[in-house]
Amino acid sequence: RLGFIIRPCHQLLPLLLCPGLRIPRLSVLCAQHRPRAMAISSSSWELPLVAVCQVTSTPDKEQNFKTCAELVREAARLGACLAFLPEAFDFIARDPAETLHLSEPLGGKLLGEYTELARECGLWLSLGGFHERGQDWEQTQKIYNCHVLLNSKGSVVATYRKTHLCDVDIPGQAPMHESNSTIPGPSLEPPVSTPAGKIGLAICYDMRFPELSLALAQAGAEILTYPSAFGFVTGPAHWEVLLRARAIETQCYVVAAAQCGHHHEKRASYGHSMVVDPWGTVVARCSEGPGLCLARVDLNYLRQLRQHLPVFQHRRPDLYGSLGQPLY
């Protein structure tokens, strides 16, 4: 099932591809125009291409890897330099006990398989939320929700452990008490240079805290990542609104790979993976079900937008304080 959103000018047709499909039919929706003064002359084919993967994880780790690997290989075949996987790409368990049982250290078998996959495909991987047994596992018997960034040689270049844990009870949606099995991360990770731009790492619930995204932007981020597993109540109400708000206020690209569909009898996710540009326009979006969408990242456009609308130069920390200590 295919969905496309395109914008005039130079952007690639961001498209959703079902695994194995080679020649998609186009279904086009009109998106917002950029201001005329911000039109960019560079060819879209010269811009880095990123792939955003949407999956339905289950407690079956082996099958989850096969699904993700198929999408990553498709992304590489289509020319992407970086592929984003959602939170809990490794598995979604039925309860905290199963989560702890299925978790692994970063040096375990599963990350080893993704290391080989990145090397095989020759592209970077954003592994959006790995259930990590940290060095304190023996003492705490709890894990970290860890965003792992691999380069095209399979090396771990950055890890970010989710700092805001989702402990919420929302009517109509299954309760979420992440802290039952997970420890909050101690710090933010400085933005990392990649072939697509400088990436700031975050995870899902973090998007509700603009202080985090502003801190990453001030530290040099050009792309913010929110790999997620949103529910069916918060998803329709908040998902796109929050992602577009984070893009507009930071003048960054926002990439949000999402879980979708029914994982098991106790949990389901909203999906709607997307890429938002610094103007706040959704330039790529997945429709229903597993698949991937593609978008070009235009850093010249980002810099031009920041020049025309220099909000970071206009901030007034004398009135409302700074964002805290530098990330470096």
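How much space lies in the largest pocket? About 930 Å³ lies there. The model is predicted: local features need pLDDT of at least 70, side-chain atom pairs count only at pLDDT 80 or more, and totals for chains, interfaces and linings use all residues. Residues are numbered from 1 along each chain as its sequence is written, and side-chain values use heavy atoms, with hydrogens and water left out.

**The pocket**

On a 1 Å grid over the protein atoms alone, a pocket is an open set of points where a 1.4 Å probe fits, with protein on both sides within 12 Å along at least five of seven lines; lining residues have an atom within 4 Å of a point. The volume is the space filled by probe spheres set on the points. The largest pocket is lined by 41 residues, and A174, P175, M176, H177 and R267 are the closest to its centre. By class, the lining holds 20 nonpolar, 13 polar and eight charged residues. Here Asp, Glu, Lys and Arg count as charged, Ala, Val, Leu, Ile, Met, Phe, Trp, Tyr, Cys and Pro as nonpolar, and the others, Gly among them, as polar. At least two lining residues come from each of α2 (96-102), β7 (144-150), β10 (176-177) and β16 (267-270). Of these, β16 gives the most, with three residues. Helices (H or I, at least four residues) and strands (E, at least two) are DSSP runs, numbered from the N terminus.

**The sheet**

Six strands form an open sheet in the order β11-β12-β13-β14-β17-β18, with mixed pairing. Its edge strands, β11 (192-194) and β18, each pair on one side only. Two strands pair if DSSP finds at least two bridges between them. Strands of a sheet pair through backbone hydrogen bonds, either parallel or antiparallel.

V192 stands opposite I199 in β12.

**Salt bridges**

The whole structure has 15 salt bridges, each a side-chain nitrogen of Lys or Arg within 4 Å of a carboxyl oxygen of Asp or Glu. Side chains of opposite charge can pair when their charged atoms come close.

| Pair | Closest N and O atoms |
|---|---|
| E222 and R303 | 3.6 Å |
| R244 and E240 | 3.6 Å |
| R285 and E240 | 2.9 Å |

E222 lies in the loop between α5 (210-218) and β13 (223-225), while R303 is in helix α7 (residues 299-308), 81 residues apart, so the pair links distant parts of the chain. E222 counts as buried at 11% relative accessibility, whereas R303 is partly exposed at 44%. Buried means under 20% relative accessible area, exposed over 50%, and partly exposed in between (1.4 Å probe, protein chains only).

E240 takes part in two of the listed pairs. R244 and E240 are four residues apart in helix α6 (residues 234-250), so about one helical turn separates them. R285 lies in strand β18, so its pair with E240 in helix α6 ties together parts that are 45 residues apart in sequence. E240 is partly exposed, at 25%; R244 is partly exposed at 26%, and R285 is partly exposed at 23%.

Elsewhere, E87, K162 and E178 are linked in a network of salt bridges.
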